[in-house]
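Dear colleague,

I am passing on the structure we spoke about, and my notes on it follow directly below. Please read them with the coordinates open beside you.

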2 protein chains.
Amino acid sequence: MAENLNSLKCMDTHIHREAVERSLAAMVDGWTATRLAQVFAALSDPSRIRVISALLAGELCVHDLAVVLGMSQSAVSHQLRLLRSLNLVRYRKEGRVVYYSLDDEHVEQLFRLGLEHIRHPQNIGKESSKTDG
Amino acid sequence: MAENLNSLKCMDTHIHREAVERSLAAMVDGWTATRLAQVFAALSDPSRIRVISALLAGELCVHDLAVVLGMSQSAVSHQLRLLRSLNLVRYRKEGRVVYYSLDDEHVEQLFRLGLEHIRHPQNIGKESSKTDG
DNA sequence: ATAATATATGAATGTATGTTCATATATTGA
DNA sequence: TCAATATATGAACATACATTCATATATTAT
């Protein structure tokens, strides 16, 4: 790994070698980065955040989710498919009704941690500039 | 809020009223959902996950980040801008060199929680089907 | 089997976004 | 001031994605 660095033109000029090597040693592999990104991507849409939020209070069937969220049944179903594929929600079938709920404790933890971040004093109203003006 | 439900055609037929009201009462508002989604969106790209991962070992200047990640300086800078706008990274300037580091403890916590999720026995290899086969 | 209901899914479309390329800004040294 | 270096940014392009519409699948009741 350190050999690679030697082949870089700027190696001896302005790279902070120690910092770079420390970083390279600790960095996750591409596969892990991709899967992690997929999980966060599943939470990167307001509609899906609202799905998660709705399910925090307990399981709901698809139709009720659509009502609660004010979305079409189709749109909700597509989003649930994505959340399912990443194991963020689970479902149980009762006749023709399918009830969805949060899958494991990580989902709620991620949600609450995100909430903590945006409510952190230093961050309030900062990212709002994007949609606020 | 309950009045609204009464105006829905399917109200008395197949909606689970209690569950819906419980959900509506607990659900975050649209603004919060949007800001939360923005934070997760900042973590929803493999390149930015790798940026975070690289910074977990300590601060790095932009050039070194580019080297570590194998990305162009411009691409890294664009991504840092996004991460900055959501207060996921902070920077300090020393002459013409800008050092970036993780902003608050939430960032590392979110990262580790995401890692836990994808490493959870039940979830290993499930979302990989998207790119694997 | 047929009708009705609950959910899922494929195709299409408009929009968002990550990277590149070119260039701007800022700092240092001569 | 001028050259060099570190970083930032605007425009363009290619790709990804959320929703809609139409339709398929599955379950229940008659």
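Predicted model: local features only at pLDDT ≥ 70, side-chain atom pairs only at ≥ 80, totals over all residues.

Residues are numbered from 1 along each chain as its sequence is written, and chains are lettered from A and ligands numbered from 1 in the order in which they are written.

To stay with B:Cys61, this residue counts as buried because it has 20 C-beta neighbours inside 10 Å (buried means 20 or more other C-beta atoms within 10 Å of a residue's own, exposed 12 or fewer, and partly exposed in between, with C-beta atoms placed from the backbone). Leaving aside neighbours within four places in sequence, B:Cys61 is in contact with A:His16, B:Val97, B:Val98 and B:Tyr99, where contact requires C-beta atoms, placed from the backbone, to lie within 7 Å. B:Trp31, by comparison, is 30 residues away from B:Cys61 along the chain, and their C-alpha atoms are separated by 34 Å.

The sheet of chain A

In chain A, three strands form an open antiparallel sheet in the order β1-β3-β2, with β1 (60-61) and β2 (89-94) as the edge strands, each pairing on one side only; two strands are taken to pair if DSSP finds at least two bridges between them. β1(A) is joined to β3 (residues 97-102) by two bridges: A:Leu60 stands opposite A:Tyr100, and A:Cys61 has A:Tyr99 as its bridge partner. β2(A) and β3(A) pair over six bridges, among them those of A:Val89 with A:Leu102 and of A:Lys93 with A:Val98. The hairpin of these two strands has two residues between them, and A:Gly95 takes a positive phi near 65° there.

A helix pair across the chains

Helix α2 (residues 17-26) of chain A packs on helix α5 (residues 62-69) of chain B at an angle of about 40°, the axes being 10 Å apart; axes are lines fitted to C-alpha atoms, for helices over the stretch in contact, and angles run from 0 to 180 degrees between N-to-C directions. The two helices are therefore oblique to each other, since angles under 35 degrees count as roughly parallel, over 145 as roughly antiparallel, 65 to 115 as roughly perpendicular and the rest as oblique. On the α2(A) side A:Ala19, A:Val20, A:Ser23 and A:Leu24 meet B:Asp64, B:Val67 and B:Val68 of α5(B), and the residues of this contact divide into five nonpolar, one polar and one charged (Ala, Val, Leu, Ile, Met, Phe, Trp, Tyr, Cys and Pro count as nonpolar, Asp, Glu, Lys and Arg as charged, and the others, Gly among them, as polar). The buried residues of α5(B) are B:Asp64, B:Leu65, B:Val67, B:Val68 and B:Leu69, and just after this helix B:Gly70 takes a positive phi of about 65°.

The interface as a whole

The contact takes 59 residues from chain A and 59 residues from chain B. α3(A) gives the most to the side of chain A that touches chain B, with ten residues, and that side has 29 nonpolar, 21 polar and nine charged residues.

With best wishes

Key: Helix = DSSP H or I, 4+ residues; strand = E, 2+ residues; numbered from the N terminus. Contact = placed C-beta atoms within 7 Å.
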